[in-house]
Each structure stands twice: as structure tokens, then as C-alpha cells.
Amino acid sequence: MANVELKNLTKKYGDVIAVQNMDLFIPHNEFLVLVGPSGCGKSTTLRMIAGLEEITGGEIFIDDQLVNEKDPKDRNVSMVFQNYALYPHMTVEENLGFSLKIAKVDKKEIEERVKEAVQILGLQELQKRKPSQLSGGQRQRVAMGRAIVRRPDAFLFDEPLSNLDAKLRTQMRTEIKKLHQKLQTTIVYVTHDQVEAMTLADRIIIMKDGYIEQIGSPIDVFNNPVNVFVATFIGSPPMNILTANIIKKDAKLFFELDENILMPCPESKFDYLSKKENVIIGIRPEDITPTISSNSSENIWNFEKNIDLVEPLGTETQIFIKLNNKEIISRMYNQREIKIGQKIEFSINLNKIHIFDKDTEKVIK
Amino acid sequence: MKQIKKISFWFLVMFLLILICMPGIWIFVSAFRPNPEILAKPANWIPDRWTIHQFTQMFSINGYVSVPAFKYLMNSVIISSVSTVIAITIGMMGGYAFARFNFKGKNKIFLGLMLARAVPGISLSLPLFILFAKIGIINTSFGVILVYVAMNVPFTIWLTDGFFRQIPKEMSEVARTDGCTRLQAFWNVELPLAGPGIGAAAIFAFLLSWNEYALASIITRTVHSKTLPIGMMDYLDEFTINWAGMCAIAVVMIVPAVILTFIVQKHLVSGLTFGGVKG
Ligand SMILES: Nc1ncnc2c1ncn2[C@@H]1O[C@H](COP(=O)(O)OP(=O)(O)OP(=O)(O)O)[C@@H](O)[C@H]1O
Ligand SMILES: [Mg+2]
């Protein structure tokens with residue numbers, strides 16, 4: 001039972017700011033995922049919580065206790081590293097029991113708890129092996145087992161699956177999710193992987209240059225990105241982004257997506273946008289699709305455009321077009337014969353477009 | 001054709017091997033034969049008469065007859081082992097600090113240590129002699145140990161620094177989140193992993209002390225502190241040189257060193273494979 005709280009947390013390496021004024025409350029049992037581009041401070045945040053990195057400013061609370069001055073060993077959090085960091089000179093069993101041995105837990109109980117972890121993670125056959133005799137997935141499992149055995153207040157995972165191949169990664173992802181449900185512990189999880197973030201998280205934090213850009217549930221972050229960065233970072237293939245001029249016509253506003261292609265602006269934005277010359281428009285690939293005869297409802301707007309490239313992927317086909325000289329991806333879920341160069345009609349659901357300020361790149365509400 | 005190539009290759013290897021081992025073989029052979037035979041011209045490769053006369057004289061039970069080799073051997077063993085243990089302990093800690101911590105002037109200090117190695121030891125002999133004489137540790141094992149520790153520490157730091165660097169720092173970090181203090185993490189995880197490297201450093205340090213001559217020849221004066229290499233000089237009389245005796249004491253020096261190296265080397269090779277980290 002423990003929540004984790006960061007107050008105004010800052011980390012500087014000389015002049016380099018790794019984490020800047022981070023405020024965050026992680027309630028007990030939450031699965032929190034940190035994502036962001038390389039170097040944005042994810043690992044640093046995790047390492048500060050673990051106590052492996054000295055903090056430059058701010059406060060960290062674990063279980064409502066200030067832990068700024070506490071050694072890693074007294075924080076009762078377990079960390080799982082990207083490269084697993086198993087003790088090479090110990091067997092799987094010894095690796096699992098090491099923390100208890102250091103804590104001078106008696107032998108009987110060590111045995112029991114190691115056994116329990118072995119069962120949870122399915123390591124029965126491997127107990128006597130050394131890490132060098134294990135496959136990547138098995139090592140990963142031992143690393144998690146070692147974290148479990150301690151019964152920590154919180155788990156910290158730093159890209160734990162990034163060294164595994166795609167198939168194993170999917171499998172381990174489900175296992176981590178199950179593990180979380182079984183253990184009921186707070187987890188802070190760093191990843192580069194979109195799918196991992198979306199599927200595992202109760203809440204996602206998107207970081208950039210040491211700042212938190214947005215916090216929210218996966219669906220919330222996906223549907224309502226607060227700025228261009230988050231919009232393009234979450235979702236794959238990423239959201240289409242293009243700059244469009246605002247055109248006034250008959251007391252209405254239009255976005256000029258391309259020569260002679262004018263998309264009507266939602267009325268709710270008139271006030272704000274009438275003063276602007278241009279905006280950034282974001283459209284997810286799944287929200288711009290070749291028109292099917294049936295989908296002509298009120299908020300659907302259609303336009304025609306030549307196709308540059310077609311990539312059939314089986315379940316979907318990705319169609320590439322150009323608007324304002326930017327490559328735009330459209331996803332089509334029905335298998336219809338389409339040729340490169342052909343001019344076809346596309347539909348955009350106007351409720352689903354994202355409009356961002358050109359200067360601040362923030363969403364226009 | 002291939003066969004010929006192979007055979008000639010082996011001949012070449014054998015030839016080079018014999019060439020390299022020649023002085024060693026000569027010492028061995030000479031240790032076991034009478035002095036006049038050593039000086040025979042042309043050289044007499046295979047002794048006419050084998051004898052352990054020199055050894056019985058050195059190690060005779062009723063007190064030595066020629067040179068107190070046993071005492072020298074003991075001095076050598078004590079001085080070399082003690083100085084090795086101390087140098088490794090200090091050097092290892094230093095190496096760890098250089099590998100793991102950042103502190104002010106780290107690179108400069110490291111460079112300084114390496115430069116200290118570049119100073120020829122013999123150039124220090126006179127200052128050392130005067131200094132040691134003044135503080136009264138001339139001709140003591142303690143004095144020699146002190147010198148050897150100072151000689152070995154920089155090298156040990158340099159060597160172990162490299163070995164500690166090879167151990168991913170996550171290793172100690174994970175140990176620390178597992179409940180270890182820094183020291184426990186070092187003792188339980190990093191030290192065992194660096195074991196082979198430290199073993200290698202220990203051999204180097206030991207052999208350096210074991211074979212050192214120049215400084216010992218100045219600091220040691222009597223049986224009280226003389227080591228084997230210095231003891232060898234006892235066979236140098238004013239008018240004669242007892243080559244057989246010298247060779248015999250050389251054998252006493254070489255054999256333990258070789259045995260030790262073999263023993264430790266086995267441990268080094270059977271050392272750990274790094275499987276804990278991704279691969
Ligand atoms: N020991 C260090 N000394 C100096 N700068 C550092 C150090 N460690 C990290 N940094 C800097 O701090 C910033 C954040 O690093 P961090 O490792 O937290 O990034 P990350 O988000 O985990 O990236 P990645 O996804 O590549 O792992 C980076 O700009 C990095 O260069
Ligand atoms: Mg990282």
C-alpha cells in the first residue's frame with residue numbers, strides 16, 4: 001500500500017536540465033506509464049524515485065513519507081532495468097532470494113517467497129541455472145521475479161521489454177498486466193512503445209525536455225491531445241499535421257487544406273479564429289477515409305484528391321495523398337481496388353479534427 | 001606439400017621455444033651441477049654429474065653453510081605477500097572510486113598516478129635511502145613493504161579501474177534497490193564480478209615485488225630484511241663467483257612464482273561469463 005508523490009521535482013546535470021518542476025501524484029495501485037522521446041527525462045525521473053539519482057530540487061514522498069534523504073535500500077521500491085541486470089554469479093534462485101538474504105529474513109521464509117515468485121512467473125525448470133544460460137524472455141522474467149520477492153511498495157520499470165523480440169514483447173506485456181492485477185501495487189513504467197503505453201496504463205504521462213506535456217487516461221490522451229507534440233506522439237501512424245490558411249467567405253470560415261480544397265471551420269471556433277491568419281490542423285489517419293456511399297451524415301465533409309501511393313496491409317490499406325505539400329496518410333478498412341494517380345473522394349469527420357494555434361502549437365478549445 | 005608446411009611450422013615453433021627458454025634451462029641445469037662444469041669450454045650441455053649440493057648447503061638443517069636462503073625466502077614471501085595484499089586492497093578501492101564516482105580533478109589525479117609509474121624507481125633510491133635511514137626503517141621488511149605498496153598501487157588502480165568499468169553500473173544499482181548499502185553491493189556483487197581482474201592485478205603486484213632488485217638492494221642490508229634477488233649477490237665473492245649457487249637460488253625464486261601463476265591463472269580463465277546483462 002503506497003502512493004508516490006513528486007513535488008516540484010527538478011534534476012539538473014550541470015547546465016543540462018533533465019527534469020523540470022515535476023508535480024505528480026500517483027495513487028496506490030495505479031499503473032502509470034511515462035512516455036516521451038529519447039532524452040526527455042523518463043529514466044531520470046524513475047531513478048530519482050528509486051533514490052539512485054540525487055535530486056536537484058523538490059520533494060519525493062513514498063507512502064506519504066518524505067524520502068529525499070533516504071537511501072535506495074530504505075525506500076522499499078523495486079526497479080527493473082532495461083538490461084535486466086541479473087547477478088551473473090548467482091543462480092536464478094539466488095538472484096530471486098538475494099534481497100531477502102540481505103534483509104536477513106530467515107531461510108525458511110526466503111525459500112517460500114522464492115517459490116511463490118517462481119510459480120507466479122513460471123520459472124520452475126530454471127531455478128538452478130545461471131543468468132547466462134537463460135534466454136532473453138527468461139531473464140526478463142527473473143528480473144521481474146527478483147522485484148516481486150521483496151514485496152515492494154512500488155515497482156519501477158525502465159523499458160523492461162525493449163530488448164525482447166516483438167512476439168515475446170506482446171506476451172510479456174500481457175503478463176505484466178496480469179501481474180499488476182494480482183499484486184495490486186503501484187507501478188511506474190517507462191516505455192518507448194505506443195502499444196505498451198496504451199494497453200498497460202491507467203494513466204499516461206507524455207514528457208518532453210523534462211516537462212510533463214500531458215497526463216491522462218490513454219483514451220483521453222488519444223482523443224484530446226493538448227498540443228501538436230502530444231497529438232503526433234500518441235497514435236500510430238501518427239496524426240497528420242498540416243498548416244492551413246484561414247479563408248473568410250460569406251461570414252463563414254474555411255481552412256485551406258490545399259488549392260481549391262476548403263474545409264469548413266466548426267462554428268464554435270469562429271470567435272477565436274477570425275483574428276488568425278492560419279492554424280495547424282491535425283487529422284488522425286483513421287478520420288480521413290475514402291468516401292463510402294453510406295457515410296454522408298451531417299458532420300462529414302468530402303473532398304477529392306489524387307492518390308500518391310497505396311500500401312495494402314491486409315486489415316487496412318494506407319493511402320498517401322498530398323495536402324499543402326505535406327504527406328497525408330489515410331486509412332481505409334474496406335478492400336477496394338484503388339490505383340496510384342486515381343482521383344477519389346475522401347471524407348473527414350469534422351467533429352474529430354484537431355485545431356492547434358500556429359504559434360503556441362496548443363489546442364484551440 | 002601441406003604436410004611439409006605443417007612440419008616446418010612446428011620446427012620453427014620448437015626452435016623459437018627452445019631459444020626463448022634457453023636461459024631458463026641453463027639456470028636449471030647449472031643449479032644441479034658442480035661449479036667447474038658450468039665454466040667448461042666448450043659448453044657442456046648435459047651435466048656429467050647431477051648434484052643437489054647447492055641446495056643442501058642453502059637449506060641445511062644444522063644451519064646454512066653457504067647463504068641463508070631459507071631466511072631470504074621467508075623475507076621474500078612475507079614482503080611480497082603482505083605488500084600485495086595491501087596494494088590490492090588500496091588499489092582496488094581506488095580503482096572502484098575512479099570507475100564509479102565523479103569527483104573534482106578526477107582525470108588529473110588519474111594521470112598523476114600514471115605519471116608516478118613513469119618515474120624510474122632507481123632514481124628514487126637515494127632519496128629513499130636517506131629518508132628511510134632518518135626515520136629508522138632502513139633494513140626492515142616494513143620499509144621494503146612500504147616501497148612495494150607505493151610501487152604497486154597506481155598500477156593496481158589502473159587495472160582494476162578497467163575491470164570495474166566493465167561491470168554495468170546497473171549491477172550495483174539494482175543491488176542497492178534490493179536493500180544493499182553501497183558497501184554491501186560492492187562486497188556481494190561487484191567484487192565477485194571483478195574477481196578475475198583483481199586476481200590478475202594481484203599476480204602482477206606479487207611478481208613485481210618478488211622480482212624487484214634495484215630498490216631492495218639499497219634498502220635492505222642484512223639477513224634481517226634481504227629478499228631472494230638480493231641474497232643472490234651473496235654468491236659474489238671478492239675473487240670468485242659461485243655460479244652454481246646463484247643458479248640454485250634463482251631456481252628457488254623461479255619455482256614458486258611459476259607455480260603461483262599457474263594456480264591463479266586457472267581461476268582467471270575459469271572466470272565468470274557475464275550473462276546477467278542482456279545478450
Ligand atoms: N549522468 C548524466 N550526466 C549528464 N547528463 C545526463 C546524465 N544522465 C542523463 N543525462 C541527460 O538528462 C536527460 C534525460 O535523460 P534520461 O536518461 O532521463 O532520458 P530518457 O527519457 O530516459 O531517454 P531514453 O528514452 O533514451 O532512455 C538527457 O538529456 C541526458 O542527456
Ligand atoms: Mg531511459
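**Where chain A meets chain B**

Guide: Look at the lining of the largest pocket: α1 of chain A, plus α4 (69-100) and α8 (169-177) of chain B, each supply at least two residues. This is a predicted model, where local features need pLDDT of at least 70 and side-chain atom pairs 80 or more, while totals for chains, interfaces and linings use all residues. Residues count from 1 along each chain as its sequence is written, chains are lettered from A and ligands numbered from 1 in the order written, and side-chain values use heavy atoms, without hydrogens and water.

Visitor: Why is one space called a pocket and another a cavity?

Guide: On a 1 Å grid over the protein atoms alone, a cavity is a set of points where a 1.4 Å probe fits but can't get out, while a pocket is an open set with protein on both sides within 12 Å along at least five of seven lines; lining residues have an atom within 4 Å of a point. Points are joined across faces, edges and corners, and the volume is the space filled by probe spheres set on them. The largest pocket comes to about 760 Å³, and among the residues closest to its centre are A:E53 and B:R182. The largest cavity has about 50 Å³.

Visitor: Which class makes up most of the largest cavity's lining?

Guide: Nonpolar: nine residues, against one polar and no charged. Ala, Val, Leu, Ile, Met, Phe, Trp, Tyr, Cys and Pro count as nonpolar, Asp, Glu, Lys and Arg as charged, the others, Gly among them, as polar. The lining of the largest pocket has eight nonpolar, five polar and 14 charged residues.

Visitor: How do you know that A:R47 and B:E173 form a salt bridge?

Guide: Their closest N and O atoms are 2.7 Å apart. A salt bridge needs a side-chain nitrogen of Lys or Arg within 4 Å of a carboxyl oxygen of Asp or Glu, so this Arg and Glu pair qualifies. The count between chain A and chain B is one.

Visitor: What makes a residue part of the contact?

Guide: Heavy atoms within 4.5 Å. Chain A brings 26 residues and chain B 25.

Visitor: How much area do the two chains bury?

Guide: About 2300 Å², with 61% on carbon and sulfur atoms. That is the accessible area (1.4 Å probe) lost on putting the two parts together, summed over both.

Definitions and conventions
Helices (H or I, at least four residues) and strands (E, at least two) are DSSP runs, numbered from the N terminus.
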